[in-house]
Amino acid sequence: DYQWSFEVGTFLDVTPPTIQSVLPLPDNTADSAQCGTPPCRHDQPRNAMVQVNFNEPILPTVASGSTAVTSNGGIQAGTYNIMRVVSVEDSPSAEGLSSGKFIAGKWEIGNQYQTSEFTSTDLCAQNSCGGDVFCLPGGAEIRGEVLAATLSTAGGLTPLDGIQDVAGNSLDGNKNKTAQG
């Protein structure tokens, strides 16, 4: 059985959700795993899972799904595009989105709808129990992008094109207490 506690009343939830934390932590330093003289500082392991934690429950239909990638690194039409992981080739555009190659994988929701985790579809090994291990690209700068839902117009519904909480509030991407849209 699954239980979810809630309360009813005459109040409205108009507080937008925010991102509380991400894993792995950004390092913003050059990789040195291939260095020739010790001590070598290794970067994040390739089999790391990307995790985004929100401050409140997120609508599961927008925080989970599979991303299929075309041969040139674009996202295949009809696949998940709201949260994405990109192997960066250039600096971000004026809109803050990366140019680069998208990484194929799957986002899954957990932690009472407050966490979404990305696992790559790049099968790179098997663990000691015979389980499959999936890896992010090696030697690449990886950037995660989380899109906010388009803000609804008066009397309209919010489209399911970005992250929103279960009450329909769009993501507050810069933590200024205002939905970004």
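This is a predicted model: local features need pLDDT of at least 70, side-chain atom pairs count only at pLDDT 80 or more; totals for chains, interfaces and linings use all residues.
Me: In what order do the five strands of the open sheet stand?

Reply: Strands of a sheet pair through backbone hydrogen bonds, and the pairing may be parallel or antiparallel. Here five strands form an open sheet with antiparallel pairing, in the order β1-β2-β7-β6-β3. Its edge strands are β1 and β3 (65-67), each of which pairs on one side only, and from one strand to the next the twist averages 15 degrees. Within this arrangement β6 and β7 pair in the antiparallel sense over six bridges, and G105 stands opposite S120 in β7.

Me: How many aromatic pairs does a search of the whole structure find, and how do I tell how the rings are set?

Reply: The angle between the ring planes decides the label, with under 30 degrees counting as stacked, over 60 as edge-to-face and the rest as tilted. A search of the whole structure finds two aromatic pairs. One is formed by W4 and Y113, with 5.1 Å from centre to centre and 40 degrees between the planes, and it is tilted. This pair links distant parts of the chain, 109 residues apart, with W4 in the segment before β1 (19-23) and Y113 in the loop between β6 (105-110) and β7 (115-120). W4 counts as partly exposed because its relative accessibility is 38%, and Y113 is likewise partly exposed, at 25%.

The rings of W107 and F118 have centres 5.2 Å apart and planes at 50 degrees, so this pair is tilted. W107 belongs to strand β6 and F118 to strand β7, 11 residues apart.

Me: Are W107 and F118 buried or exposed, and why?

Reply: A residue is buried when its relative accessible area is under 20%. W107 is therefore buried, at 3% relative accessibility, and F118 is buried because its relative accessible area is 1%.

Me: Which residues form the nonpolar patch on the surface?

Reply: The patch is made of Y2, W4, F6, V8 and V166, which together have about 620 Å² of accessible area.

Me: Which peptide bond is cis, and which residues other than glycine have a positive phi?

Reply: Read omega for the peptide bond and phi for the residue. The bond from L23 to P24 is cis, with omega near -5 degrees, and P24 is placed in the loop between β1 and β2 (50-54). Positive phi values occur at N111, near 55 degrees, and at Y113, about 70 degrees, although neither is a glycine. N111 is exposed because its relative accessible area is 53%.

Methods. Residues are numbered from 1 along each chain as its sequence is written. Side-chain values use heavy atoms; hydrogens and water are left out. Rings of Phe, Tyr and Trp (its six-membered ring) pair if their centres lie within 6.5 Å; planes under 30 degrees apart count as stacked, over 60 as edge-to-face and the rest as tilted. Helices (H or I, at least four residues) and strands (E, at least two) are DSSP runs, numbered from the N terminus. Buried means under 20% relative accessible area, exposed over 50%, partly exposed in between (1.4 Å probe, protein chains only). Two strands pair if DSSP finds at least two bridges between them. Axes are lines fitted to C-alpha atoms, for helices over the stretch in contact, and angles run from 0 to 180 degrees between N-to-C directions. Patches are made of residues with over 30% relative accessible area and no salt bridge: like charges are joined within 9 Å, nonpolar side chains (Val, Leu, Ile, Met, Phe, Trp, Tyr) within 5 Å. Accessible areas come from the Shrake-Rupley method with a 1.4 Å probe; for residues, only the protein chains shown count as cover. A salt bridge is a side-chain nitrogen of Lys or Arg within 4 Å of a carboxyl oxygen of Asp or Glu.
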